[in-house]
Amino acid sequence: MKNIVITDNIKYIGVDDKDIDLFEGQYVVPNGISYNSYLILDEKVAVMDTVDMRACEEWLENLKKALNGRTPDYLIVSHLEPDHAGSVAGLISAYPNVALVGNAKTFSMLPNFFDVEQQEKLEVKEGDTLTLGRHTLQFFMAPMVHWPEVMVTYEQTEKILFAADGFGKFGALDTEEDWTCEARRYYFNIVGKYGAPVQALLKKAAGLDISMICPLHGPILKENLGFYIEKYDIWSSYKPEDSGVFIAYASIHGNTAKAAHMLKEQLLELGVEKVAITDLARDDMAEAVEDAFRYDRMVLAASSYDGGLFPPMEDFLMHLKAKTYQNRKVAIVENGSWAPSAAKKMKEYLEGMKDICILEPIVTIKSTVRKETEAELQTLAEVLQKA
């Protein structure tokens with residue numbers, strides 16, 4: 001258990017997972033992930049969520065040590081996803097008299113995971129409170145952030161928001177790294193589709209006096225909370241975070257890649273300050289999704305393939321569509337030796353998204369980059385620079 005201080009009566013009992021290779025079976029987490037759980041010690045004792053079954057044994061040891069001979073009265077279940085509720089059965093086995101606290105949706109979904117028919121349950125609704133003694137918990141529903149049963153808990157005395165998956169971040173807590181980058185990658189890939197529910201939750205949070213945010217992944221946020229809340233407001237309203245151009249390319253034999261890098265240099269020469277570039281066949285897809293949402297302009301450069309679109313680009317566009325990509329300016333570069341088809345397919349994807357402005361001209365490469373291609377890319381760079 002990390003030496004993480006919340007307050008005198010609220011203890012951190014979470015676990016770092018440094019052995020996991022893919023979070024949720026798809027996201028690369030080179031620095032692992034934290035499963036955060038908290039313990040409130042008062043006249044009554046409340047456990048704030050459990051952890052993934054992968055870390056159950058270590059978590060129960062942390063809990064036992066923090067309890068120091070006491071037993072928990074309540075388990076607050078804010079989110080049923082297995083990385084947070086995976087150890088509910090383990091807790092009940094160790095402390096059979098613990099009462100489960102959740103909302104109606106929690107208890108309708110709970111049997112999908114555990115047999116808790118005989119367990120005492122306390123159902124809470126929007127705004128309900130639970131007094132532990134000096135501490136009072138108030139519950140706010142947060143449906144579809146990012147599951148339907150999610151709720152957050154506000155502790156009124158010490159002004160702490162237990163934010164469920166809100167304000168989460170990839171990376172174990174023993175890793176020192178920039179919060180924004182990995183929190184952004186986490187947000188857009190896991191929560192990004194649900195901007196409107198996040199906005200609704202932010203409105204509720206605006207009415208609370210919050211001194212600390214305790215998420216279920218990532219560091220406890222104690223200072224400059226306005227910074228983190230502002231980031232969530234930008235991300236969940238689908239506004240670009242930075243002015244810049246993101247170039248995502250999918251190249252078969254290297255010619256499309258050459259064009260993409262040439263365009264990057266042209267943009268930099270024109271004074272575009274931020275130009276990010278990603279090889280969709282090799283680089284982290286989750287990071288590509290993150291950068292697509294981060295910048296206000298994007299370039300899609302892809303080869304034609306089997307009369308359609310090279311699969312790495314198609315995969316990327318499917319990810320963007322699933323995460324409700326919108327409100328951006330996008331340029332297109334295609335490559336095709338005899339029958340270019342990539343631009344048509346990319347346009348079809350983009351036209352199915354909200355408020356996407358497709359910039360002209362669309363550049364078509366016939367196999368290799370030639371002088372006329374360089375000129376067309378230069379024209380496109382100038383359009384992007386002014387867009």
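A pocket here is an open set of points on a 1 Å grid over the protein atoms alone, where a 1.4 Å probe fits and protein lies on both sides within 12 Å along at least five of seven lines; its lining residues have an atom within 4 Å of a point. The model is predicted, so to speak of local features takes a pLDDT of at least 70, and side-chain atom pairs count only at pLDDT 80 or more, while totals for linings use all residues. Residues are numbered from 1 along each chain as its sequence is written.

Take the second largest pocket to begin with. Ile4, Lys169, Ala172, Leu173, Asp174, Thr175, Glu176, Glu177, Trp179, Pro219 and Ile220 line it. By class, that makes six nonpolar, one polar and four charged residues, with Asp, Glu, Lys and Arg counted as charged and Gly among the polar ones.

The largest pocket has a lining of 19 residues, and Ile252, Ser304, Gly336, Ser337 and Trp338 sit nearest its centre.

Elsewhere, six strands form an open sheet with mixed pairing, in the order β1-β6-β7-β8-β9-β10; strands pair if DSSP finds at least two bridges between them. Strands β7 (residues 45-48) and β8 (residues 74-76) run parallel, joined by three bridges, and Ala46 stands opposite Tyr74 in β8.

Key. Heavy atoms only, no water. Helix = DSSP H or I, 4+ residues; strand = E, 2+ residues; numbered from the N terminus.
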